[in-house]
Amino acid sequence: MPLSILLPMVVVGIAGIAVLLHLLGLSRRATLADAAKARAAWLREFPTDAPIHVTLCDNRSAALIATETGRGVVWPMGADTTARYLTGARVTKTSSGLRLDLPDYTAPRIHIALDPDEATAWQDALKETA
Amino acid sequence: MTDTITFPDVVNWAVPLFIAAILAELLWIVIKGRGGRYETRDALTSLIMGAGNVASGILLGFVAYGFFMLLWEITPLDLGPSIGIIALCFVLDDLRYYWVHRFGHRIRWVWASHVNHHSSQHYNLTTALRQTWTGTFTFMMVVRAPLILLGFHPAMVLFVGGLNLIYQFWIHTEAIGKMPRWFEAVMNTPSHHRVHHGRNPRYLDCNYAGVFIIWDKLFGTFVPELEEEKVDYGLVHNLGTFNPIRVAFHEWVGIFRDATQPGLTWRERLNYCIMPPGWSHDGSRETSTAIKSRHVRRNPGLAGTPGLPPLTNRRS
């Protein structure tokens with residue numbers, strides 16, 4: 001197939017599908033309904049390191065996890081979730097919550113939406129274990 | 001020796017079919033409320049990975065093709081372009097695919113290229129297009145060398161490889177349950193391939209087939225989809241980014257970081273490149289074999305069931 005046909009078809013196809021998915025409401029992020037869901041989401045990534053404490057944020061978009069190994073975070077990846085330890089994380093307060101910069105090529109930056117008081121509490125909690 | 005043989009670039013010609021099928025699957029899921037899941041950023045990443053795969057083929061395809069033409073010059077054999085020979089080439093190339101795919105899961109250097117195909121937590125037709133950008137650097141084109149040396153023209157080998165890829169497109173769906181028994185017995189199907197995309201310990205590293213599932217049954221890597229264990233899609237450690245650059249290169253970066261850390265022997269550095277994913281010089285990580293063993297130790301009742309080893313006292 002000539003590139004002059006293939007290229008526009010690919011570009012229009014990708015853009016069209018993305019717009020359609022968004023209009024169908026399929027851009028919604030996962031939420032963690034309760035601490036048990038946050039715990040399950042953590043164990044899905046780290047099945048041998050059970051949480052000893054779960055701090056679910058007010059809007060249920062993320063959770064701070066404490067295990068015997070250290071601190072971690074669970075957050076949405078689109079309609080699903082993932083989790084990382086916070087070893088070596090740099091924590092920065094932003095206008096919408098916290099930004100976590102991790103030394104991890106597969107999860108370099110995590111934005112967590114928190115209200116100002118909650119952001120301060122999370123930041124303090126992370127300082128304690130830093 | 002036939003040098004002027006030409007075959008259509010079937011993968012590029014199939015692009016409209018891919019787009020139409022994705023729209024049809026999406027429509028089915030939205031209308032029926034079952035048969036899979038879509039998410040915008042996940043699908044967009046998969047589609048961009050697919051476009052990047054086509055682009056990398058255009059930019060780097062000459063490397064493999066040059067290698068194949070060199071072999072074609074060397075070989076005294078020429079089987080010609082008859083329908084029977086094309087069919088035979090298709091079957092043998094599918095056997096080639098099985099082994100390349102198996103290497104792709106068991107050798108970290110090859111996994112670095114293939115991992116992005118498994119990096120979605122979704123399983124739909126866009127996942128099929130989440131393809132590698134770095135296949136050339138795995139040097140797996142050498143596995144095709146025997147076909148060309150046997151007298152199958154390079155253009156034919158690439159043509160049947162394209163057909164193989166197109167076949168595998170439709171099996172990336174949850175909208176189809178199980179096919180008729182005879183079909184499930186011989187062919188790779190959505191059910192068999194769902195298992196291949198599973199991150200459940202039971203489903204790790206199995207069902208490598210492209211078109212014919214018989215290769216897995218023959219070489220002992222077949223695991224059926226079990227009703228009692230739903231497939232959990234994605235990687236053992238799921239990505240925390242949708243950035244296609246990071247999706248494409250993350251395992252290469254991981255290999256580089258691991259192999260260049262200070263204090264390792266040259267053997268250990270090499271092993272970070274060629275041992276199965278999850279291998280580490282200090283045993284701090286888990287390979288799929290270790291994950292399966294741990295799962296069985298925690299769930300002894302599952303020992304020896306499909307995809308899981310018998311219970312042993314040895315920790316691997």
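First, the ground rules. The model is predicted, so local features need pLDDT of at least 70 and side-chain atom pairs count only at pLDDT 80 or more, while totals for chains, interfaces and linings use all residues. Residues are numbered from 1 along each chain as its sequence is written, chains are lettered from A in the order in which they are written, and side-chain values use heavy atoms, with hydrogens and water left out.

Let's start where the chains meet. Contact here means heavy atoms within 4.5 Å. On that basis, 41 residues of chain B touch 34 residues of chain A. Together the two chains bury about 3,300 Å². That is the accessible area, with a 1.4 Å probe, that two parts lose on being put together, summed over both. Carbon and sulfur atoms hold 64% of it. B:Thr40, B:Gly240 and B:Arg246 supply 16% of the area that chain B buries against chain A, more than any other three residues.

What about charge across the interface? There are 3 salt bridges between chain B and chain A. A salt bridge is a side-chain nitrogen of Lys or Arg within 4 Å of a carboxyl oxygen of Asp or Glu. One joins B:Asp232 to A:Arg44, at 2.8 Å from N to O. Those two residues also belong to a salt-bridge network with A:Glu45 and B:Arg199.

Which helix of chain B gives the most to the side that touches chain A? Helix 3 does, with 9 residues. Helices are DSSP runs of H or I, at least four residues, numbered from the N terminus.

Stay on helix 3 for a moment. B:Ile48 sits there. At 31% relative accessibility, B:Ile48 counts as partly exposed. The cut-offs: buried is under 20% relative accessible area, exposed is over 50%, and partly exposed is in between, with a 1.4 Å probe and protein chains only. Leaving aside neighbours within four places in sequence, B:Ile48 contacts A:Ile14, B:Trp133 and B:Pro244.

Now the inside. A nonpolar core is a set of buried Ala, Val, Leu, Ile, Met, Phe, Trp, Tyr and Cys residues joined through side-chain atoms within 4.5 Å. The largest has 44 residues, and B:Ile22, B:Tyr38, B:Phe152 and B:Phe169 touch the most other members. Helix 1 of chain A gives two or more residues to this core, and so do several helices of chain B, including helix 3 and helix 8. Take B:Phe152: beyond four places in sequence, its contacts include B:Trp72, B:Leu79 and B:Val157. A second, separate core has 17 residues, among them A:Val73 and A:Trp122.

B:Asn164, in helix 8 of chain B, has 1% relative accessibility and so counts as buried. Its contacts beyond four places in sequence include B:Asp93 and B:Tyr97. B:Asp93 is itself buried, at 0%. B:Asp93 forms a salt bridge with B:Arg96 at 3.0 Å. Both lie in helix 4 of chain B, about one turn apart.

Last, two bridges that reach further. Across all chains, the search finds 19 salt bridges. B:Arg130 pairs with B:Asp42 at 3.3 Å. B:Arg130 is in the loop between helix 6 and helix 7 and B:Asp42 in helix 3, so this pair ties together parts 88 residues apart in sequence. B:Arg108 pairs with B:Asp258 at 2.8 Å. That pair links helix 5 and helix 12 of chain B, 150 residues apart. Both B:Arg108 and B:Asp258 are buried.
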